Amino acid sequence: MIFDTICAPLTAPGTAAVSLLRISGPEALQIICRHFSKAEKLRSAPGYTVLHGYFLDNTGRELDEVLITKFISPQSYTGEDILELSCHGNPHLQARILEVLLQSCRLAHPGEFTQRAYLNGKLDLIRAEAVNDLIHALSSKSSASALNQLSGKLSSHLVQILEAVQNARLRVELAIDFSDQDLPQIDLERLETDLDELTQTAEKLYAQSQNGRFLREGIKVCLAGAPNVGKSSLFNAFLQSSRALVSPHPGTTRDYLEESVSLSGYTLVITDTAGLRETSDELESLGIDRTRELIESSDLLLYLYELPDFKPTQAFPSGPTVLRLLSKIDLLGYSSMPSNEAWKDFLSSRELPSDLIPVSSLLEGGLEPLKDGILSALQVPRELPDHPQITNSRQLAALARAISNLQRARQALRDSLGYEFLASDLSAASTALQQILGTISTEDMLGEIFANFCIGK
Ligand SMILES: Nc1nc2c(ncn2[C@@H]2O[C@H](COP(=O)(O)OP(=O)(O)OP(=O)(O)O)[C@@H](O)[C@H]2O)c(=O)[nH]1
Ligand SMILES: [Mg+2]
């Protein structure tokens with residue numbers, strides 16, 4: 001595909017040792033040669049050459065000492081001719097160089113380099129999205145997972161599923177086309193087993209990908225409970241800083257606070273909320289309304305109780321996974337965190353529910369049982385799995401569409417609904433899979449995906 005020539009800074013704005021500008025497109029070489037002190041050498045240099053020289057403005061004045069790396073189409077990130085220019089990391093200097101270049105080409109849109117790479121067949125959509133995920137990766141686990149996708153494992157797994165769906169569809173369509181002729185009929189039993197296997201493979205990928213969203217977007221954790229149970233203290237203990245105000249007066253926290261922490265490589269996005277109680281105070285009541293909304297939209301609700309008045313009457317919404325915590329256990333006479341056994345004995349001796357997790361914001365290791373509880377409740381593996389996994393919500397939604405169409409196809413076969421129904425379900429399933437891979441895509445979808453990128457990618 002032929003495009004115009006675009007350029008953009010690749011490195012973040014600000015002062016640094018060096019900064020990098022990229023120019024990509026049919027006129028890239030010509031434009032840089034006009035402004036480089038060793039134009040002839042650059043013109044004749046093979047791809048992957050790095051040349052040292054000076055960047056010149058329109059009057060031939062030296063603006064900066066630069067290194068230029070030359071990539072020749074199609075051996076480049078975008079598949080086009082690319083020149084990358086490292087200059088000194090002075091924002092004014094970089095702006096001047098960019099200004100000169102922009103007289104001959106235009107500034108790249110966010111994600112446009114990667115979009116071109118995709119359109120020129122250098123990357124499939126999964127890998128293109130993985131580039132963006134890698135840049136925005138929240139935690140060490142998410143960057144490892146984005147790298148995993150970049151290596152193409154997921155793509156090749158999906159291509160296998162897609163080929164099997166298309167093969168089944170072809171068999172069904174042949175049966176439709178030649179139904180009035182005396183040809184061997186399609187082997188229904190074989191088709192049935194194939195469809196079962198396919199659906200299971202897709203369902204397995206979906207199940208394995210469930211915590212993919214956690215990797216990419218972080219795990220939304222909400223701290224809630226009655227006023228004064230120690231929510232803000234627990235929040236601070238998680239962050240290891242005095243972020244939230246703590247006081248012995250019930251109703252201290254009004255508006256919620258949100259911060260991120262890392263737990264075993266996962267990012268927890270934790271909110272500390274206003275304590276839940278009946279109140280006539282208008283402001284507090286607004287805070288409590290927010291608490292309820294936050295509880296509903298969380299992945300994990302940490303609900304705190306304290307003794308002596310443990311009232312387990314709280315009805316929880318169905319969305320989040322709920323962990324019930326018994327707060328301030330240092331006040332129960334513990335000077336260090338109890339072993340699992342000792343804690344179980346304590347709960348049963350007080351006739352308390354056995355799922356209560358002990359926490360203390362004061363004791364050393366007071367959050368350890370809770371941290372273990374979080375990882376097991378969300379069933380997130382402590383080590384990054386090496387099986388293919390979808391971490392992107394758009395891709396996951398498309399996989400869910402593919403699965404429901406496969407299930408419908410399976411049902412159509414079971415109910416002998418006719419090959420037309422089967423063919424249409426299989427075709428919808430393969431469309432959904434192709435949308436994940438980007439082998440078919442609407443302009444709107446592409447626009448939306450690449451708009452999330454940053455400029456220079
Ligand atoms: N001994 C002990 N005291 C605690 C612990 N956690 C909190 N407290 C005390 O309990 C009181 C209330 O703590 P907060 O963290 O402000 O409680 P909260 O649930 O955020 O309260 P509201 O914001 O009013 O809903 C403060 O005096 C804290 O010092 C704990 O683990 N052990
Ligand atoms: Mg508070």
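Biologist: In which sense, left-handed or right-handed, does helix 14 pass helix 15?

Modeller: In this predicted model, helix 14 passes helix 15 in a left-handed crossing.

Biologist: At what angle do helix 14 and helix 15 pack, and how far apart are their axes?

Modeller: Two packed helices are described by the angle between their axes and by the distance between those axes. Here helix 14, residues 393-414, and helix 15, residues 419-437, pack at about 165°, and their axes are 8 Å apart. Since angles over 145 degrees count as roughly antiparallel, helix 14 and helix 15 are therefore roughly antiparallel to each other.

Biologist: Which residues make the contact?

Modeller: In an α-helix there are 3.6 residues a turn, so residues three or four places apart point the same way. On helix 14 the contact residues include Gln-395, Ala-398, Ala-402, Asn-405, Ala-409 and Ala-412. Helix 15 contributes, among them, Phe-421, Leu-422, Asp-425, Ala-429, Ala-432 and Ile-436. By class, the contact of helix 14 with helix 15 holds 15 nonpolar, three polar and three charged residues.

Biologist: Why is helix 4 regarded as largely enclosed by the rest of the structure?

Modeller: A residue counts as buried when 20 or more other C-beta atoms lie within 10 Å of its own. Helix 4 spans residues 112-119, and seven of its eight residues are buried, so the helix is largely enclosed by the rest of the structure. The buried residues are Glu-112, Phe-113, Thr-114, Gln-115, Arg-116, Ala-117 and Tyr-118. Just after helix 4, Gly-121 takes a positive phi of about 75°.

Biologist: What does Pro-388 touch?

Modeller: Pro-388 belongs to the loop between helix 13 and helix 14. Leaving aside residues up to four places away in sequence, Pro-388 touches Lys-153, Leu-154, His-157 and Leu-205. Pro-388 is partly exposed, because 18 other C-beta atoms lie within 10 Å.

Biologist: Which residues come nearest to ligand 1?

Modeller: Of the 22 residues around ligand 1, Gly-230, Ser-232, Ser-233, Thr-253 and Gly-275 come nearest. The shell around ligand 1 divides into seven nonpolar, twelve polar and three charged residues.

Definitions and conventions:
Residues are numbered from 1 along each chain as its sequence is written. Chains are lettered from A and ligands numbered from 1 in the order in which they are written. This is a predicted model: local features need pLDDT of at least 70, side-chain atom pairs count only at pLDDT 80 or more; totals for chains, interfaces and linings use all residues. Axes are lines fitted to C-alpha atoms, for helices over the stretch in contact, and angles run from 0 to 180 degrees between N-to-C directions. Helices (H or I, at least four residues) and strands (E, at least two) are DSSP runs, numbered from the N terminus. Angles under 35 degrees count as roughly parallel, over 145 as roughly antiparallel, 65 to 115 as roughly perpendicular and the rest as oblique. A crossing is left-handed if the near helix is turned anticlockwise from the far one by less than a right angle, and right-handed if clockwise. Two residues are in contact if their C-beta atoms, placed from the backbone, lie within 7 Å. Ala, Val, Leu, Ile, Met, Phe, Trp, Tyr, Cys and Pro count as nonpolar, Asp, Glu, Lys and Arg as charged, and the others, Gly among them, as polar. A residue is near a molecule or strand if its C-beta atom, placed from the backbone, lies within 6 Å of it. A residue is buried if 20 or more other C-beta atoms lie within 10 Å of its own, exposed if 12 or fewer, and partly exposed in between; C-beta atoms are placed from the backbone.
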